[in-house]
Amino acid sequence: MNIINHSKTTKKIFVPLLIAALLSTLLIGYAGSARAEEAPVLPTFDIPALSAEHKASALPNVIVVATGGTLAGQVRDKDPANFQNYAAGTYKIANMVAELPKHKTADVSTFQFGNKGSGGYTMKELYDLSLAVDAALEIYDSAVVTTGTDTMEEIAYFLDLTVQSEKPVVVTGAMRPWDAIGTDGPANLYQAIKVAGSNKTKWYGTVVMLNDVIHAAREVTKSNAHRMDTFETPMFGALGYVDDPAVRIYRMNARALKAGEADWKSPFNLKTISKDSLPKVEIVYSYQEAGGGAIRALVEEGAKGIVTAGTGAAGISSKMSTARAAAIKDHGVTFVSTTRTGSGTITGGSNGIIAGDNLNPQHARIMLMLSLAFSNDFKTVKGWFETVGTQDITVDVAATPTTPEENNGGSGAVSNSGEVTIGAGSSGTLGLDDSVTVTIPAGATKEQMKLSITKLAGTGGIVDSTSQLLSPLFEIMKSIPDNFIIPATLTFKFDKTLIKEGKKASVFYYDETKKQWIEMGGTVSGNIITVKTDHFTKFAVFAVDEIGASFTDVSGHWAEAAIQKAVAAGIVKGYVDGTFKPNNTVTRAEFSVMLMGALKAEGVGETLAFADQASIAAWAKDAVAQAVKAGIISGYPDDTFRPSANILRMEMVSMIAKGSKLTLDPDAITGFADNKEIPAWAMSAVKAVSDKGIIQGRTGNVFAPKATASRADAITVIMNMLESQ
């Protein structure tokens with residue numbers, strides 16, 4: 001049996017996707033490539049230093065970063081009864097904090113970032129605000145950010161997605177101006193400082209606190225134009241409350257559950273891009289017989305992304321749909337579907353259209369804007385929406401088989417026979433004897449399909465005598481041609497008594513074109529093995545050699561075989577908790593270690609002279625030094641290496657080309673549709689590496705030079721490099 005240790009999905013979808021995502025991820029993250037683009041000019045901020053008194057104090061140090069808003073508003077005509085007639089952003093934060101009672105739980109400092117209404121801030125100014133907060137958190141234990149409430153949820157979510165520090169960030173404001181009777185401003189400011197100083201929201205990302213209620217920035221929304229209890233969290237509810245004398249947190253969000261893990265941070269590190277990279281992203285609203293003119297006009301004005309606020313479950317009018325299709329086809333605009341109802345989860349999506357999960361339109365716009373600023377690859381952006389944007393909580397549990405007799409009701413269909421019909425978008429399960437079960441999740445298809453399973457008699461001449469079968473061969477078919485939107489789950493029973501020492505069970509599918517069995521891997525529980533797939537063909541369980549480490553999170557992953565090969569070769573290692581974290585992004589330092597390990601670099605490297613060499617971890621220094629000596633990497637124009645930045649696809653390819661000693665044509669021009677976006681210094685490397693088949697373009701024949709990659713992507717490209725030599 002010919003065994004290729006990449007699944008068909010890897011070959012047909014993930015090779016271009018991985019390589020594209022890899023290149024993009026690597027390009028964004030790794031500064032270790034041979035040459036880097038000019039570093040963005042970052043703003044600087046006069047963040048106050050800790051006073052001697054605060055340094056000597058045992059209380060936590062909280063800084064209030066002020067932007068103005070109603071909180072800092074002054075009533076018109078000096079009339080304290082002017083609740084809605086006032087000048088926002090009038091009072092200075094230092095004076096406002098000085099008017100509060102001396103805080104019992106924190107030492108407080110202030111920084112006046114700006115002083116105007118929240119709606120008056122541009123996205124470029126929010127870019128600066130995020131960097132200012134991170135700069136402040138290098139000195140202080142936590143931060144309070146004051147803003148106006150009109151667009152508070154958008155500002156808070158922007159900070160949630162971009163602030164790199166895990167320290168508490170608490171956004172607050174007021175519904176009544178500072179000097180109105182019955183104002184909520186002083187209490188909100190005081191309580192926000194209490195929340196920040198408590199450290200209870202560390203790792204939660206940015207939170208919003210008004211009216212003594214604590215909300216997650218991703219989920220909160222303003223629900224009333226005037227009431228002081230305007231902020232709510234539909235569907236999920238508040239994180240906690242501020243009561244005397246304590247700050248009480250009653251639930252964790254998905255970010256908090258990732259505390260301390262490498263993938264806690266979002267991929268949107270603003271220090272790696274210029275503020276000019278933030279694209280134009282707009283929102284259009286659907287209603288009865290809505291026209292398509294708004295979409296066409298926004299595209300004409302240069303919109304790169306558009307969020308649709310649809311009726312019900314994200315529906316839009318036929319005219320809007322026609323305009324959307326044209327914008328995708330003719331201009332490459334990316335759309336995100338959301339609902340105007342105020343709550344509800346949106347699923348599905350298709351080419352050029354991403355489901356917004358339960359993000360409201362204004363949150364989805366922030367997410368789309370940042371995604372497009374860091375990648376122009378649709379699948380990468382879609383992947384970020386499904387992970388960073390969705391923030392779903394997952395628990396890895398070994399799957400157990402579903403017997404054909406089980407039926408949990410609902411829209412699913414279960415049958416003992418070899419065939420069943422499943423409605424469009426419905427879930428369904430089909431079992432054959434107790435040997436195999438196919439589970440189709442809701443939303444996997446957009447049309448009705450007929451699903452069938454056939455147990456093949458014998459091997460049909462497609463299994464050679466050296467292979468050890470652990471199960472019968474099954475042919476699983478569906479009546480529709482397209483791959484599943486959401487992968488199906490296959491569960492097989494196998495004979496574990498046939499597994500010899502040093503062997504393990506693994507699911508394979510048969511590639512009818514190449515006439516080869518392709519390994520998928522799988523999660524084993526007793527004599528049951530489970531995998532996920534987006535397509536159907538012939539399947540079987542074989543005994544294969546144990547390779548490398550047994551990680552808890554790679555079984556059934558599309559890159560499992562490549563990961564195991566790389567681990568066995570000593571190119572990469574897992575984490576001390578027994579995981580590999582295949583979907584984590586790769587930093588410049590990490591990719592340098594992977595690549596130099598694959599090249600089996602030996603000897604002492606170059607003495608490092610980067611301005612930020614102190615930030616290069618000990619585990620990466622030797623590899624970085626070897627790469628510098630070999631001429632594989634160099635720093636940025638500002639003499640930094642940026643080891644923690646995500647590597648970009650163009651940087652990764654440059655490193656691969658130099659490491660492989662490929663001959664480079666200085667006059668090279670690629671055939672990629674986005675050739676003009678590939679910098680001159682990377683052009684010859686992109687041409688050479690892609691011609692060698694080490695990396696491929698993405699959907700639409702784009703290279704996406706500034707996209708990022710996952711650990712699985714990086715390993716796949718490196719293994720392709722080795723196989724090409």
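Let's start with the lining of the second largest cavity. Its residues divide into 1 nonpolar, 6 polar and no charged. The lining is made of Thr339, Gly342, Ser343, Gly344, Asn358, Leu359 and Asn360. The space inside is about 30 Å³. Keep in mind that this is a predicted model.

How many cavities of 30 Å³ or more does a search of the whole structure find? The search finds 2. The largest cavity holds about 40 Å³ of space. Its lining divides into 4 nonpolar, 3 polar and 3 charged residues. Here are the names. Leu159, Asp160, Val163, Ser165 and Lys167 are among them. Val169, Gly205, Thr206, Arg255 and Trp264 also line this cavity.

Now to the sheets. Strands of a sheet pair through backbone hydrogen bonds, either parallel or antiparallel.

Take the sheet with 5 strands. It is open, and the order is E14-E15-E16-E18-E17. The pairing is mixed. Which strands are at the edges? They are E14, residues 281-285, and E17, residues 349-350. Each of these pairs on one side only.

Look at E14 and its partner E15, residues 305-310. These two run parallel, with 5 bridges between them. Isoleucine 283 is opposite valine 307 of E15.

Two helices lie across this sheet's strands. Helix H9, residues 318-331, lies across E14, E15, E16 and E18. H9 runs at about 150° to E16, which spans 334-339. Helix H11, residues 378-389, lies across E16, E17 and E18. H11 makes an angle of about 10° with E18.

Next, the sheet with 8 strands. This one is open too, in the order E5-E2-E6-E7-E8-E9-E12-E13, and its pairing is mixed. The edge strands are E5, residues 107-112, and E13, residues 247-249. Each pairs on one side only. On average, neighbouring strands are turned by 25° against each other, direction ignored.

Helix H6, residues 185-198, packs on this sheet. What does H6 touch? The helix touches E2, E5, E6, E7, E8, E9, E12 and E13. Its direction makes about 155° with that of E6. Then there is helix H4, residues 123-137. H4 lies across E2, E5, E6 and E7. Its angle to E6 is about 150°.

Let's zoom in on E9, residues 213-216. Which way do its residues point? Val213 and His215 point one way. Ile214 and Ala216 point the other way. Are the four buried or exposed? All are buried.

E9 has a partner in E8, residues 206-210. The two strands run antiparallel and are joined by 4 bridges. Valine 207 is opposite alanine 216 of E9. Together, E8 and E9 form a hairpin, with 2 residues between them. In that turn, asparagine 211 has a positive phi of about 60°.

E9 also pairs with E12, residues 240-242. That pairing is antiparallel, over 2 bridges. Here valine 213 has tyrosine 241 as its bridge partner.

One link back to the cavities. Thr206 lines the largest cavity, and strand E8 covers residues 206-210. Thr339 lines the second largest cavity, and strand E16 covers 334-339.

Key: Residues are numbered from 1 along each chain as its sequence is written. This is a predicted model: local features need pLDDT of at least 70, side-chain atom pairs count only at pLDDT 80 or more; totals for chains, interfaces and linings use all residues. Side-chain values use heavy atoms; hydrogens and water are left out. Two strands pair if DSSP finds at least two bridges between them. Contact means heavy atoms within 4.5 Å. Axes are lines fitted to C-alpha atoms, for helices over the stretch in contact, and angles run from 0 to 180 degrees between N-to-C directions. Buried means under 20% relative accessible area, exposed over 50%, partly exposed in between (1.4 Å probe, protein chains only). On a 1 Å grid over the protein atoms alone, a cavity is a set of points where a 1.4 Å probe fits but cannot get out, and a pocket is an open set with protein on both sides within 12 Å along at least five of seven lines; lining residues have an atom within 4 Å of a point. Grid points are joined across faces, edges and corners, and a volume is the space filled by probe spheres set on the points. Ala, Val, Leu, Ile, Met, Phe, Trp, Tyr, Cys and Pro count as nonpolar, Asp, Glu, Lys and Arg as charged, and the others, Gly among them, as polar.
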